[in-house]
Amino acid sequence: YPLGLHALQNEDAMIYDDLLYNTVPDNTKIDGTFQRLRYINDRKSDIIEWLKPSISVTDYSKEDFCVIQFRGGEYLITSAFCPPEYYRMAADRMLEINPNMKFGVITDDPENANKFIPWAPIIGASAMDEQDPLAHLQGSGFYEYKGGPIGIDYSILYNAVHTIITASTFAFWPVWTNTKAKNVIAPKYWFDWSRSDGWWRPQDSIPNDERWLWMDRDNNLYESKTCIKYRKQ
């Protein structure tokens with residue numbers, strides 16, 4: 001920790017740290033996840049430029065197509081787990097927007113995606129015969145990713161007009177930086193959709209964006225501004 005920054009050891013990435021944000025000098029390397037929107041909101045326009053995909057997949061960027069992102073693997077045994085009803089409820093809401101809406105699923109786990117969402121085909125990287133050369137770096141623990149280049153799925157989300165996502169960091173970035181999106185449905189309470197009675201994890205994980213809608217376990221949708229106002233501290 002250069003320049004006397006030893007006091008920043010063991011910081012909680014889920015808590016906004018004014019010292020970390022305002023005191024750390026330029027050219028200091030900081031490791032961590034730092035999953036707080038407060039750290040990045042004021043640089044969104046820059047981040048959109050920094051994270052533009054190197055490839056552009058626009059096949060599914062249509063007014064009558066909704067991209068569903070299904071995160072499988074180890075997620076199926078965590079509180080971030082979203083059951084089949086979540087995807088069905090969210091899809092029905094998309095059909096209210098456009099009765100002609102079609103659906104396709106991008107996923108790291110096509111086997112379970114087919115079990116959870118049998119009514120929508122797999123698209124993107126997991127539908128390819130090609131193997132991602134960096135596949136060995138994907139997945140965690142017991143789960144091994146076996147699909148094609150994941151940059152394809154990132155680009156699909158980045159260009160999608162309508163999306164249904166899970167509490168996945170992989171989905172967050174392309175959707176948050178997507179300038180074409182019109183409707184995004186995400187799980188209310190983010191990582192704790194299946195068990196929360198009002199808290200969010202992380203607490204600061206709600207983009208203040210009218211395009212984002214948050215679905216609870218009872219098929220209700222909430223605007224971001226409402227969720228921000230009433231979230232438990």
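Predicted model: local features only at pLDDT ≥ 70, side-chain atom pairs only at ≥ 80, totals over all residues.
Trainee: In what order do the six strands of the open sheet lie?

Mentor: Strands of a sheet pair through backbone hydrogen bonds, either parallel or antiparallel. Here the order is β2-β1-β3-β4-β5-β6, with mixed pairing. β2 and β6 are the edge strands, each pairing on one side only. On average, neighbouring strands of this sheet are turned by 25° against each other, direction ignored.

Trainee: Which sense, parallel or antiparallel, do β1 and β2 take?

Mentor: β1 and β2 pair in the parallel sense, over six bridges. Gln69 has Ile106 in β2 as its bridge partner.

Trainee: How many bridges join β4 to β5, and how many join β5 to β6?

Mentor: Four bridges join β4 to β5, and these strands run parallel. Pro187 has Met215 of β5 as its bridge partner. Three bridges join β5 to β6 (residues 221–223), and that pair runs antiparallel. Met215 is bridged in β6 by Leu221. β5 and β6 form a hairpin with five residues between them. In the turn, Asn219 has a positive phi of about 70°.

Trainee: What span should helix α3 have, and what does the model give?

Mentor: The check uses 1.5 Å a residue. The 14 residues of α3 (residues 84–97) should therefore span 20 Å, and the end C-alpha atoms are 21 Å apart, which agrees.

Trainee: Where does α3 lie relative to the strands, and which of its residues are buried?

Mentor: α3 lies across β1, β2, β3, β4, β5 and β6, running at about 160° to β4. Its buried residues are Tyr86, Tyr87, Met89, Ala90, Ala91 and Met94. They pack against β1 (65–70), β2 (102–107), β3 (162–164), β4 (183–187) and β5 (212–215), and also against α4 (110–116). Another helix, α5 (residues 150–159), lies across β1, β2 and β3, at about 140° to β2.

Trainee: Which members of the largest nonpolar core touch the most other members?

Mentor: In soluble globular proteins, nonpolar side chains tend to be buried together. The largest nonpolar core here has 35 residues, and those touching the most other members are Val67, Ile165, Trp176, Trp190, Trp200, Trp212 and Trp214. β1, α5, α6 (169–176), β4 and β5 each supply at least two residues of this core. α6 gives the most, with four residues.

Trainee: What does Trp200 touch, not counting residues up to four places away in sequence?

Mentor: Among its contacts are Pro187, Trp190, Ile206, Trp214 and Arg231.

Definitions and conventions: Residues numbered from 1 in each chain as written. Heavy atoms only, no water. Expected span 1.5 Å × (residues − 1). Buried < 20%, exposed > 50% of the residue type's maximum accessible area, 1.4 Å probe, protein only. Contact = heavy atoms within 4.5 Å. Pairing = 2+ DSSP bridges. Axes fitted to C-alpha atoms, helices over the stretch in contact; angles between N-to-C directions. Core = buried A, V, L, I, M, F, W, Y, C linked by side-chain atoms within 4.5 Å.
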